[in-house]
Amino acid sequence: MAQARAKARTSRGESVFAEKFGVFAECLLTGVWIAVASLGVVTYPPALAAGARHLRRRIAHEGGGLREFVADFRVAVRRGWVVGLAGWAVAGAVRVDVQAARAGIPGGPLVGAIGVFALIGAVVSLLRAAAVWTPDAGWRGLLAGAGRRTVLDPAGTFLIIGGLAVVAASAWFAAPLAVPVLGAVVAAAVAVEERYRHR
């Protein structure tokens, strides 16, 4: 009995339930931080990276808070804004493809479907890259590795797509709900990357 109680405590002296609820609450708060940091339109990749690093610290019981998030964001945004700009360009190209499909252009539906799948793959790759970002990592290498993992780890990819579907459903139900849930999607990407690393 005493052993069972000891196992139900973490290294910080919390019960397992309290720790897991604390991580969930931290995910929701991190989603708000990510949303605020993404207001710069092209700053969403650095915001995701800083959020993922914050959650990794929280899960490892290494402390951290808003100051560390802001410091990570400042480092990530130096080159990460280019990734954000490229992401908007990809989204614009997919929008053109979808409009072509709706206009009835021959082959349009196929091109539109390929464009949508490519956009989903790009978003998943971005989330996976952000999940492993560190201040000394380059975005090009991170995205290349994340793209490979997106293809080679379909189970992890579908888990992240499921998280994105939850964000979309939350936004459809009540737009403000999508903001905190964004942190849960980043946490899912962190978990998927940890799972892949230990395979």
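Tutor: A contact here means heavy atoms within 4.5 Å. Among contacts between residues at least 6 apart in sequence, 67% join residues at least 24 apart. The model is a predicted one.

Student: What makes up the secondary structure of the protein, and what pattern does the protein follow along the sequence?
Tutor: The secondary structure comes to eight helices and zero strands. The pattern along the sequence is α-α-α-α-α-α-α-α. Along its principal axes, the C-alpha trace spans about 70 × 35 × 35 Å.

Student: Why is T150 called buried?
Tutor: Buried means under 20% relative accessible area. T150 has 12% relative accessibility, so T150 counts as buried. This residue is in helix α6. Not counting residues up to four places away in sequence, T150 touches G121, V124, S125, R128 and T157. A polar atom of the T150 side chain also lies 2.7 Å from the backbone oxygen of A146.

Student: How much of the protein is buried?
Tutor: Buried residues make up 36% of the 199 residues.

Student: How many aromatic pairs does the structure hold?
Tutor: The structure holds two aromatic pairs. In one of them, the rings of W33 and F69 have centres 5.4 Å apart and planes at 50 degrees, so that pair is tilted. W33 lies in helix α2 and F69 in helix α4, so the pair ties together parts 36 residues apart in sequence. W33, at 14% relative accessibility, counts as buried, and F69, at 4%, counts as buried too.

Student: What puts R128 over the face of Y196?
Tutor: For Arg, CZ has to be within 6 Å of the ring centre and within 35 degrees of the ring normal. R128 lies over the face of Y196, at 5.9 Å from the ring centre.

Student: How do you know that D72 and R57 are joined by a polar contact?
Tutor: The limit for a pair of N or O atoms is 3.5 Å. The side chains of D72 and R57 are joined by a polar contact of 3.0 Å. D72 is found in helix α4, and at 5% relative accessibility D72 counts as buried. Leaving aside neighbours within four places in sequence, D72 is in contact with A50, R53, R57, W133 and P135. D72 and W133 are 61 residues apart in sequence, and their C-alpha atoms are 9.7 Å apart.

Student: Which residues touch the most other members of the largest nonpolar core?
Tutor: That core has 35 residues, of which L48, L127, W139 and V186 touch the most other members. Helix α8 gives the most to this core, with eight residues. V186 touches I34, L48, G51, A52, L55 and L127, residues up to four places away in sequence not being counted. The buried residues of α8 include V181, V185, V186, A189 and V192.

Student: What span is expected of α8, and what does α8 reach?
Tutor: Helix α8 has 20 residues and reaches 28 Å from its first C-alpha to its last, close to the 28 Å expected at 1.5 Å a residue.

Student: Why mention the phi of V41 and of H61?
Tutor: Most residues other than glycine have a negative phi. V41, which is not a glycine, has a positive phi of about 70 degrees. V41 is in the loop between α2 and α3, and at 48% relative accessibility V41 counts as partly exposed. H61 also has a positive phi, near 60 degrees. H61 lies in the loop between α3 and α4, and at 27% relative accessibility H61 counts as partly exposed.

Conventions. Residues numbered from 1 in each chain as written. Predicted model: local features only at pLDDT ≥ 70, side-chain atom pairs only at ≥ 80, totals over all residues. Heavy atoms only, no water. Core = buried A, V, L, I, M, F, W, Y, C linked by side-chain atoms within 4.5 Å. Buried < 20%, exposed > 50% of the residue type's maximum accessible area, 1.4 Å probe, protein only. Helix = DSSP H or I, 4+ residues; strand = E, 2+ residues; numbered from the N terminus. Polar contact = N/O pair within 3.5 Å; in protein donor to acceptor, adjacent residues only side chain to side chain. Phe/Tyr/Trp six-rings, centres within 6.5 Å; stacked < 30°, edge-to-face > 60°. Expected span 1.5 Å × (residues − 1).
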